[in-house]
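Visitor: Could you walk me through this one? I'd like to see it first and then ask some questions.

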Amino acid sequence: MNKMTKGVLCTFLTATLLAGCGSNNGTDNSNAAEEGNTGSGTAKSVTLKMFIAQPRFKEQYDNYIAEFVKKEKADKNIDVSVQLEMPTADNASQILKTRLASNDAPDIFAIHAVNEIPSYYKAGYLEDLTDQPFVGKLLDSVKPSVTTTDGKVVALPLETLSWGYLYNKTIFAENGLTPPTTLTEMKAVTEKLKAKNVTPFVLSYKESWIPQLVLPLAVGGMMKTADPEFVNKMNKDEGSFTEMKSAIFDVFDLINENGTAKATEVGGDDGAAAFAAGKGAMWLMGPWYAETILKSNPDLDFGVAPLPISDNADATLINLSASTSLAVSPTSKNKEVALDFLNYVLDDQASNGLFQAMKFNPVSTVHTYESYPWITEATTYVKAGKSVQDPAIPQSVKDEVGKGLQAYYAGQMSQNDVLKALDKAWKSYNKVNK
(Lines give C-alpha, C1' and ligand atoms only; values in the text may rest on other atoms or scores of the structure.)
Protein backbone atom coordinates (compact mmCIF):
# COMPACT_ATOMS: atom_id res chain seq x y z
CA MET A 1 0.00 0.00 0.00
CA ASN A 2 3.02 2.37 0.36
CA LYS A 3 4.07 1.95 -3.25
CA MET A 4 4.51 5.42 -4.74
CA THR A 5 4.58 5.24 -8.52
CA LYS A 6 5.77 8.37 -10.29
CA GLY A 7 2.93 9.99 -12.16
CA VAL A 8 2.85 12.54 -14.93
CA LEU A 9 3.05 16.06 -13.52
CA CYS A 10 2.50 19.20 -15.57
CA THR A 11 4.21 22.54 -14.95
CA PHE A 12 1.62 23.77 -12.51
CA LEU A 13 1.16 20.53 -10.56
CA THR A 14 3.01 19.63 -7.41
CA ALA A 15 1.92 16.26 -6.10
CA THR A 16 3.73 15.42 -2.89
CA LEU A 17 3.29 13.07 0.02
CA LEU A 18 2.91 14.99 3.25
CA ALA A 19 2.98 13.55 6.71
CA GLY A 20 0.78 16.52 7.66
CA CYS A 21 0.63 19.96 6.09
CA GLY A 22 -0.46 23.31 7.45
CA SER A 23 -3.77 24.83 6.48
CA ASN A 24 -4.06 27.58 3.89
CA ASN A 25 -4.06 30.69 6.02
CA GLY A 26 -6.06 33.07 3.86
CA THR A 27 -3.20 34.53 1.83
CA ASP A 28 -3.81 36.26 -1.48
CA ASN A 29 -3.10 33.01 -3.29
CA SER A 30 -5.55 31.03 -1.20
CA ASN A 31 -8.37 33.42 -2.09
CA ALA A 32 -7.54 33.55 -5.76
CA ALA A 33 -10.01 30.85 -6.74
CA GLU A 34 -12.92 32.85 -5.41
CA GLU A 35 -11.72 35.94 -7.29
CA GLY A 36 -11.52 33.93 -10.52
CA ASN A 37 -10.29 35.39 -13.79
CA THR A 38 -10.50 39.16 -13.54
CA GLY A 39 -10.09 39.55 -17.27
CA SER A 40 -6.76 41.34 -16.87
CA GLY A 41 -4.92 38.39 -18.34
CA THR A 42 -2.97 37.82 -15.13
CA ALA A 43 -3.29 34.23 -13.92
CA LYS A 44 -4.30 33.61 -10.34
CA SER A 45 -2.52 30.95 -8.29
CA VAL A 46 -4.14 28.39 -6.01
CA THR A 47 -2.70 25.57 -3.96
CA LEU A 48 -5.26 22.80 -3.58
CA LYS A 49 -4.77 20.21 -0.83
CA MET A 50 -6.15 16.72 -1.35
CA PHE A 51 -6.20 13.81 1.09
CA ILE A 52 -6.98 10.43 -0.51
CA ALA A 53 -5.93 7.16 1.17
CA GLN A 54 -5.40 5.16 -2.02
CA PRO A 55 -1.64 5.23 -2.66
CA ARG A 56 -1.88 2.27 -5.03
CA PHE A 57 -3.69 4.60 -7.45
CA LYS A 58 -1.23 7.48 -7.19
CA GLU A 59 -0.26 7.31 -10.85
CA GLN A 60 -3.89 7.43 -11.98
CA TYR A 61 -4.68 10.39 -9.71
CA ASP A 62 -1.52 12.24 -10.77
CA ASN A 63 -2.44 11.87 -14.42
CA TYR A 64 -6.04 12.96 -13.89
CA ILE A 65 -5.06 15.90 -11.70
CA ALA A 66 -2.59 17.04 -14.36
CA GLU A 67 -5.40 17.15 -16.92
CA PHE A 68 -7.59 19.07 -14.47
CA VAL A 69 -4.81 21.61 -13.93
CA LYS A 70 -4.61 22.19 -17.69
CA LYS A 71 -8.38 22.58 -17.91
CA GLU A 72 -8.58 25.04 -15.02
CA LYS A 73 -5.85 27.14 -16.62
CA ALA A 74 -7.59 27.10 -20.01
CA ASP A 75 -11.11 27.71 -18.69
CA LYS A 76 -10.46 30.15 -15.84
CA ASN A 77 -6.83 31.26 -16.14
CA ILE A 78 -6.10 29.84 -12.68
CA ASP A 79 -2.72 28.25 -12.02
CA VAL A 80 -3.44 25.28 -9.73
CA SER A 81 -0.81 23.34 -7.85
CA VAL A 82 -1.96 20.27 -5.95
CA GLN A 83 -0.55 18.83 -2.77
CA LEU A 84 -1.72 15.22 -2.81
CA GLU A 85 -1.48 13.39 0.50
CA MET A 86 -1.97 9.62 0.23
CA PRO A 87 -1.56 7.78 3.55
CA THR A 88 -2.29 4.09 3.90
CA ALA A 89 -5.81 3.06 4.83
CA ASP A 90 -4.67 1.95 8.28
CA ASN A 91 -3.59 5.46 9.25
CA ALA A 92 -5.85 7.66 7.16
CA SER A 93 -8.89 7.92 9.41
CA GLN A 94 -6.97 9.05 12.49
CA ILE A 95 -4.80 11.48 10.52
CA LEU A 96 -7.84 13.06 8.90
CA LYS A 97 -9.78 13.34 12.14
CA THR A 98 -6.81 15.07 13.75
CA ARG A 99 -6.49 17.47 10.84
CA LEU A 100 -10.19 18.34 10.85
CA ALA A 101 -10.34 18.78 14.62
CA SER A 102 -7.34 21.13 14.54
CA ASN A 103 -8.75 23.37 11.78
CA ASP A 104 -6.22 22.01 9.30
CA ALA A 105 -8.71 20.52 6.86
CA PRO A 106 -7.64 19.55 3.34
CA ASP A 107 -9.72 21.22 0.63
CA ILE A 108 -10.77 17.80 -0.68
CA PHE A 109 -10.64 14.58 1.33
CA ALA A 110 -11.76 10.99 0.94
CA ILE A 111 -14.10 9.34 3.44
CA HIS A 112 -16.01 6.07 3.60
CA ALA A 113 -19.60 6.73 2.56
CA VAL A 114 -21.33 4.22 4.86
CA ASN A 115 -19.02 4.36 7.87
CA GLU A 116 -18.05 8.02 8.06
CA ILE A 117 -20.57 10.35 6.40
CA PRO A 118 -23.04 10.35 9.34
CA SER A 119 -20.52 11.40 12.00
CA TYR A 120 -18.55 13.77 9.75
CA TYR A 121 -21.74 15.49 8.64
CA LYS A 122 -22.94 15.86 12.21
CA ALA A 123 -19.60 17.43 13.15
CA GLY A 124 -19.95 20.00 10.36
CA TYR A 125 -16.99 18.77 8.32
CA LEU A 126 -18.82 18.25 5.00
CA GLU A 127 -19.79 20.88 2.44
CA ASP A 128 -23.32 20.64 1.03
CA LEU A 129 -22.85 19.54 -2.60
CA THR A 130 -26.52 19.06 -3.46
CA ASP A 131 -26.58 21.75 -6.13
CA GLN A 132 -23.37 20.67 -7.88
CA PRO A 133 -23.66 19.50 -11.52
CA PHE A 134 -22.20 16.04 -10.79
CA VAL A 135 -25.16 15.16 -8.55
CA GLY A 136 -27.53 14.95 -11.52
CA LYS A 137 -25.19 12.42 -13.13
CA LEU A 138 -25.18 9.92 -10.23
CA LEU A 139 -26.94 6.62 -10.75
CA ASP A 140 -30.16 6.30 -8.74
CA SER A 141 -28.73 3.20 -7.06
CA VAL A 142 -25.64 5.11 -5.91
CA LYS A 143 -26.90 8.54 -4.89
CA PRO A 144 -28.46 7.43 -1.55
CA SER A 145 -25.06 6.29 -0.27
CA VAL A 146 -23.78 9.89 -0.21
CA THR A 147 -27.06 11.51 0.85
CA THR A 148 -27.72 12.47 4.48
CA THR A 149 -30.90 11.70 6.35
CA ASP A 150 -32.06 15.28 5.72
CA GLY A 151 -31.58 14.90 1.97
CA LYS A 152 -28.25 16.62 1.32
CA VAL A 153 -25.59 15.17 -0.99
CA VAL A 154 -22.27 15.65 0.81
CA ALA A 155 -19.77 13.58 -1.18
CA LEU A 156 -18.98 12.21 -4.62
CA PRO A 157 -18.81 8.38 -4.63
CA LEU A 158 -15.75 6.85 -6.28
CA GLU A 159 -16.10 3.20 -5.35
CA THR A 160 -19.26 1.15 -5.22
CA LEU A 161 -18.59 -2.39 -4.18
CA SER A 162 -20.06 -5.85 -4.63
CA TRP A 163 -17.77 -8.12 -2.72
CA GLY A 164 -17.22 -11.20 -0.56
CA TYR A 165 -13.93 -12.93 -1.36
CA LEU A 166 -11.86 -13.44 -4.50
CA TYR A 167 -11.21 -16.86 -5.99
CA ASN A 168 -8.99 -18.16 -8.77
CA LYS A 169 -11.43 -19.49 -11.34
CA THR A 170 -8.75 -21.50 -13.14
CA ILE A 171 -7.75 -23.36 -9.98
CA PHE A 172 -11.39 -24.00 -9.13
CA ALA A 173 -12.13 -25.33 -12.63
CA GLU A 174 -9.05 -27.55 -12.70
CA ASN A 175 -10.18 -29.16 -9.44
CA GLY A 176 -13.88 -29.41 -10.29
CA LEU A 177 -14.88 -26.88 -7.64
CA THR A 178 -17.60 -24.25 -7.44
CA PRO A 179 -17.95 -21.50 -4.81
CA PRO A 180 -19.38 -23.05 -1.62
CA THR A 181 -22.68 -21.90 -0.16
CA THR A 182 -22.18 -23.08 3.44
CA LEU A 183 -19.32 -23.29 5.91
CA THR A 184 -19.35 -27.10 5.70
CA GLU A 185 -19.01 -26.86 1.93
CA MET A 186 -16.13 -24.41 2.35
CA LYS A 187 -14.37 -26.91 4.60
CA ALA A 188 -14.79 -29.54 1.88
CA VAL A 189 -13.34 -27.16 -0.72
CA THR A 190 -10.29 -26.48 1.43
CA GLU A 191 -9.68 -30.21 1.93
CA LYS A 192 -9.91 -30.92 -1.79
CA LEU A 193 -7.47 -28.12 -2.55
CA LYS A 194 -4.99 -29.31 0.05
CA ALA A 195 -5.23 -32.85 -1.33
CA LYS A 196 -4.02 -31.39 -4.63
CA ASN A 197 -1.21 -29.48 -2.87
CA VAL A 198 -2.96 -26.16 -3.44
CA THR A 199 -2.99 -23.65 -0.58
CA PRO A 200 -6.63 -22.64 -0.10
CA PHE A 201 -6.19 -19.03 1.09
CA VAL A 202 -3.80 -16.14 0.68
CA LEU A 203 -3.39 -14.41 4.06
CA SER A 204 -2.38 -10.74 4.25
CA TYR A 205 -2.90 -9.18 7.67
CA LYS A 206 -0.04 -6.66 7.85
CA GLU A 207 -2.61 -3.91 7.38
CA SER A 208 -5.38 -4.16 9.94
CA TRP A 209 -8.16 -3.15 7.56
CA ILE A 210 -7.79 -6.45 5.72
CA PRO A 211 -8.67 -8.93 8.51
CA GLN A 212 -11.54 -6.64 9.58
CA LEU A 213 -13.26 -7.45 6.27
CA VAL A 214 -14.70 -10.52 7.94
CA LEU A 215 -16.73 -8.28 10.28
CA PRO A 216 -19.15 -6.61 7.81
CA LEU A 217 -19.62 -9.96 6.05
CA ALA A 218 -20.51 -11.69 9.31
CA VAL A 219 -22.70 -8.89 10.65
CA GLY A 220 -24.44 -8.44 7.30
CA GLY A 221 -25.21 -12.15 6.98
CA MET A 222 -26.54 -12.39 10.53
CA MET A 223 -28.63 -9.24 10.20
CA LYS A 224 -30.21 -10.56 7.00
CA THR A 225 -31.12 -13.91 8.57
CA ALA A 226 -31.15 -13.86 12.36
CA ASP A 227 -30.78 -10.43 13.98
CA PRO A 228 -31.94 -7.50 11.81
CA GLU A 229 -31.81 -5.09 14.76
CA PHE A 230 -28.18 -5.75 15.71
CA VAL A 231 -26.83 -2.33 14.65
CA ASN A 232 -29.77 -0.51 16.22
CA LYS A 233 -29.20 -2.41 19.46
CA MET A 234 -25.51 -1.56 19.45
CA ASN A 235 -26.31 2.11 18.86
CA LYS A 236 -28.48 2.00 22.00
CA ASP A 237 -25.87 0.15 24.10
CA GLU A 238 -28.24 -2.82 24.21
CA GLY A 239 -26.34 -5.36 22.08
CA SER A 240 -23.05 -7.24 22.20
CA PHE A 241 -20.67 -8.77 19.70
CA THR A 242 -20.88 -11.99 21.67
CA GLU A 243 -24.02 -12.56 19.56
CA MET A 244 -21.74 -12.62 16.49
CA LYS A 245 -18.98 -14.83 17.92
CA SER A 246 -19.54 -17.90 15.74
CA ALA A 247 -20.31 -15.86 12.62
CA ILE A 248 -17.00 -14.01 12.92
CA PHE A 249 -14.61 -16.65 14.19
CA ASP A 250 -15.77 -19.91 12.61
CA VAL A 251 -14.91 -18.79 9.10
CA PHE A 252 -11.93 -16.67 10.21
CA ASP A 253 -10.38 -19.69 11.94
CA LEU A 254 -10.99 -21.84 8.87
CA ILE A 255 -9.25 -19.29 6.65
CA ASN A 256 -6.28 -18.98 9.02
CA GLU A 257 -5.84 -22.74 9.38
CA ASN A 258 -5.67 -23.14 5.61
CA GLY A 259 -3.70 -20.12 4.48
CA THR A 260 -0.27 -18.94 3.48
CA ALA A 261 2.41 -18.30 6.10
CA LYS A 262 3.56 -15.11 7.83
CA ALA A 263 0.27 -13.26 7.35
CA THR A 264 1.25 -10.31 9.52
CA GLU A 265 4.23 -9.64 7.26
CA VAL A 266 2.12 -9.49 4.10
CA GLY A 267 0.24 -6.33 3.12
CA GLY A 268 -2.32 -5.68 0.42
CA ASP A 269 0.08 -5.27 -2.49
CA ASP A 270 2.05 -8.40 -1.58
CA GLY A 271 -1.21 -10.28 -1.06
CA ALA A 272 -2.36 -9.20 -4.51
CA ALA A 273 0.90 -10.43 -6.03
CA ALA A 274 0.61 -13.76 -4.22
CA PHE A 275 -2.99 -14.22 -5.35
CA ALA A 276 -2.08 -13.23 -8.91
CA ALA A 277 0.72 -15.83 -8.88
CA GLY A 278 -1.66 -18.60 -7.78
CA LYS A 279 -0.08 -19.04 -4.34
CA GLY A 280 -3.56 -19.37 -2.89
CA ALA A 281 -6.90 -20.26 -4.46
CA MET A 282 -8.90 -17.68 -2.47
CA TRP A 283 -8.30 -14.32 -0.81
CA LEU A 284 -10.40 -12.49 1.77
CA MET A 285 -10.49 -9.31 -0.29
CA GLY A 286 -12.75 -7.29 -2.57
CA PRO A 287 -12.44 -6.49 -6.26
CA TRP A 288 -11.11 -3.02 -5.46
CA TYR A 289 -7.69 -4.72 -5.76
CA ALA A 290 -8.40 -5.78 -9.36
CA GLU A 291 -6.04 -3.19 -10.87
CA THR A 292 -3.14 -4.31 -8.66
CA ILE A 293 -3.83 -8.01 -9.23
CA LEU A 294 -4.02 -7.68 -13.00
CA LYS A 295 -0.88 -5.55 -13.08
CA SER A 296 0.94 -8.60 -11.68
CA ASN A 297 -0.87 -11.11 -13.90
CA PRO A 298 -2.99 -9.64 -16.72
CA ASP A 299 -4.23 -13.11 -17.69
CA LEU A 300 -5.55 -14.12 -14.29
CA ASP A 301 -9.17 -15.30 -14.38
CA PHE A 302 -10.64 -14.50 -10.98
CA GLY A 303 -14.15 -14.20 -9.61
CA VAL A 304 -16.09 -12.75 -6.71
CA ALA A 305 -18.24 -14.93 -4.45
CA PRO A 306 -20.08 -14.53 -1.13
CA LEU A 307 -18.27 -15.85 1.94
CA PRO A 308 -20.08 -18.53 3.97
CA ILE A 309 -20.21 -17.66 7.68
CA SER A 310 -22.35 -20.60 8.84
CA ASP A 311 -24.29 -23.57 7.52
CA ASN A 312 -27.25 -21.33 6.74
CA ALA A 313 -26.88 -20.71 3.00
CA ASP A 314 -29.22 -17.73 3.30
CA ALA A 315 -26.49 -15.92 5.25
CA THR A 316 -23.92 -16.38 2.47
CA LEU A 317 -24.26 -12.97 0.85
CA ILE A 318 -22.52 -10.44 -1.35
CA ASN A 319 -21.87 -7.18 0.50
CA LEU A 320 -23.14 -4.08 -1.31
CA SER A 321 -21.72 -0.71 -0.36
CA ALA A 322 -20.26 2.58 -1.46
CA SER A 323 -16.91 3.23 0.13
CA THR A 324 -14.31 5.79 -0.94
CA SER A 325 -16.04 9.12 -1.63
CA LEU A 326 -14.69 12.64 -2.07
CA ALA A 327 -15.86 15.48 0.16
CA VAL A 328 -15.07 19.20 0.32
CA SER A 329 -14.31 21.07 3.52
CA PRO A 330 -16.76 23.90 4.32
CA THR A 331 -13.77 25.92 5.56
CA SER A 332 -11.80 25.63 2.32
CA LYS A 333 -10.40 28.93 1.04
CA ASN A 334 -10.24 27.34 -2.41
CA LYS A 335 -13.80 26.11 -2.62
CA GLU A 336 -14.43 27.13 -6.22
CA VAL A 337 -11.45 25.12 -7.50
CA ALA A 338 -12.24 22.23 -5.17
CA LEU A 339 -15.77 22.04 -6.54
CA ASP A 340 -14.45 22.31 -10.08
CA PHE A 341 -12.29 19.25 -9.43
CA LEU A 342 -15.17 17.21 -8.00
CA ASN A 343 -17.26 17.97 -11.04
CA TYR A 344 -14.33 17.07 -13.28
CA VAL A 345 -14.23 13.62 -11.63
CA LEU A 346 -17.56 12.98 -13.36
CA ASP A 347 -16.70 14.92 -16.51
CA ASP A 348 -18.73 13.70 -19.48
CA GLN A 349 -15.62 12.78 -21.47
CA ALA A 350 -12.71 12.28 -19.07
CA SER A 351 -14.44 10.32 -16.29
CA ASN A 352 -14.63 7.01 -18.15
CA GLY A 353 -10.86 6.87 -18.50
CA LEU A 354 -10.28 7.52 -14.79
CA PHE A 355 -12.77 4.92 -13.56
CA GLN A 356 -11.58 2.35 -16.09
CA ALA A 357 -7.94 2.92 -15.13
CA MET A 358 -8.75 2.18 -11.48
CA LYS A 359 -11.20 -0.59 -12.48
CA PHE A 360 -14.02 0.91 -10.43
CA ASN A 361 -17.68 0.15 -10.97
CA PRO A 362 -19.73 2.71 -12.92
CA VAL A 363 -21.37 5.25 -10.60
CA SER A 364 -22.72 7.71 -13.13
CA THR A 365 -24.80 8.02 -16.28
CA VAL A 366 -21.65 9.26 -18.04
CA HIS A 367 -19.98 5.88 -17.48
CA THR A 368 -20.46 3.86 -20.63
CA TYR A 369 -17.57 1.40 -20.40
CA GLU A 370 -18.25 -2.34 -20.37
CA SER A 371 -18.68 -3.94 -16.96
CA TYR A 372 -15.81 -6.11 -15.75
CA PRO A 373 -16.33 -9.90 -15.53
CA TRP A 374 -16.05 -10.01 -11.74
CA ILE A 375 -18.68 -7.29 -11.44
CA THR A 376 -20.99 -9.24 -13.73
CA GLU A 377 -20.49 -12.35 -11.59
CA ALA A 378 -21.24 -10.52 -8.35
CA THR A 379 -24.33 -9.02 -9.97
CA THR A 380 -25.74 -12.49 -10.59
CA TYR A 381 -25.82 -13.03 -6.81
CA VAL A 382 -27.41 -9.63 -6.30
CA LYS A 383 -30.13 -10.36 -8.84
CA ALA A 384 -30.79 -13.68 -7.10
CA GLY A 385 -31.39 -11.91 -3.78
CA LYS A 386 -28.06 -13.10 -2.34
CA SER A 387 -26.81 -9.73 -1.16
CA VAL A 388 -27.04 -7.36 1.78
CA GLN A 389 -26.35 -3.66 2.23
CA ASP A 390 -23.12 -2.96 4.10
CA PRO A 391 -24.07 -2.62 7.78
CA ALA A 392 -23.49 0.81 9.28
CA ILE A 393 -20.66 -0.13 11.64
CA PRO A 394 -18.71 2.88 12.99
CA GLN A 395 -15.23 3.25 11.52
CA SER A 396 -13.72 3.26 15.01
CA VAL A 397 -15.21 -0.19 15.61
CA LYS A 398 -13.82 -1.47 12.32
CA ASP A 399 -10.41 -0.08 13.26
CA GLU A 400 -10.64 -1.91 16.58
CA VAL A 401 -11.62 -5.25 15.06
CA GLY A 402 -8.76 -4.99 12.58
CA LYS A 403 -6.21 -4.59 15.34
CA GLY A 404 -7.97 -7.21 17.46
CA LEU A 405 -7.96 -9.83 14.70
CA GLN A 406 -4.30 -9.15 14.00
CA ALA A 407 -3.58 -9.80 17.67
CA TYR A 408 -5.87 -12.85 17.67
CA TYR A 409 -4.05 -14.33 14.68
CA ALA A 410 -0.74 -13.76 16.48
CA GLY A 411 -2.05 -15.50 19.61
CA GLN A 412 -2.01 -12.32 21.67
CA MET A 413 -5.77 -12.00 22.22
CA SER A 414 -8.57 -14.52 22.73
CA GLN A 415 -11.88 -14.45 20.90
CA ASN A 416 -13.58 -13.06 23.99
CA ASP A 417 -10.90 -10.36 24.31
CA VAL A 418 -11.61 -9.21 20.78
CA LEU A 419 -15.37 -9.17 21.31
CA LYS A 420 -15.07 -7.18 24.54
CA ALA A 421 -12.85 -4.64 22.79
CA LEU A 422 -15.46 -4.23 20.04
CA ASP A 423 -18.28 -3.69 22.52
CA LYS A 424 -16.16 -1.09 24.31
CA ALA A 425 -15.30 0.69 21.05
CA TRP A 426 -18.96 0.93 20.02
CA LYS A 427 -19.98 2.26 23.45
CA SER A 428 -17.24 4.87 23.19
CA TYR A 429 -18.53 5.85 19.77
CA ASN A 430 -22.06 6.22 21.18
CA LYS A 431 -20.86 8.55 23.94
CA VAL A 432 -19.21 10.87 21.44
CA ASN A 433 -22.04 10.79 18.90
CA LYS A 434 -25.15 11.11 21.08
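**A tour in questions**

Guide: Let's start with Asn103, which counts as exposed because its relative accessibility is 67% (exposed means over 50% relative accessible area, buried under 20%, partly exposed in between, with a 1.4 Å probe and protein chains only). Bear in mind that this is a predicted model, where local features need pLDDT of at least 70, side-chain atom pairs count only at pLDDT 80 or more, and totals for chains, interfaces and linings use all residues. Residues are numbered from 1 along each chain as its sequence is written, and side-chain values use heavy atoms, leaving out hydrogens and water.

Visitor: Where does Asn103 lie, and what is its phi?

Guide: Asn103 sits in the loop between α3 and β3 (helices are DSSP runs of H or I with at least four residues, strands are runs of E with at least two, and both are numbered from the N terminus). Most residues other than glycine have a negative phi. Asn103 is not a glycine, yet its phi is positive, at about 60 degrees.

Visitor: Is Lys359 buried, partly exposed or exposed?

Guide: Lys359 is found in the loop between α13 (351-357) and α14 (373-383), and it too is a non-glycine residue with a positive phi, about 55 degrees. Its relative accessibility is 22%, so Lys359 counts as partly exposed.

Visitor: What about Ile108, buried or exposed?

Guide: Ile108 has its place in strand β3. Leaving aside residues up to four places away in sequence, it touches Leu48, Lys49, Met50, Phe51, Leu326, Ala327, Val328, Ala338, Phe341 and Leu342 (contact means heavy atoms within 4.5 Å). With a relative accessible area of 0%, Ile108 is buried.

Visitor: Which elements do the buried residues of α15 pack against?

Guide: Buried residues in α15 include Val397, Val401, Leu405 and Tyr408. The buried residues of this helix pack against α3 (89-101), β3 (108-112), α4 (113-122), α7 (214-225), α9 (245-257) and α16 (415-432).
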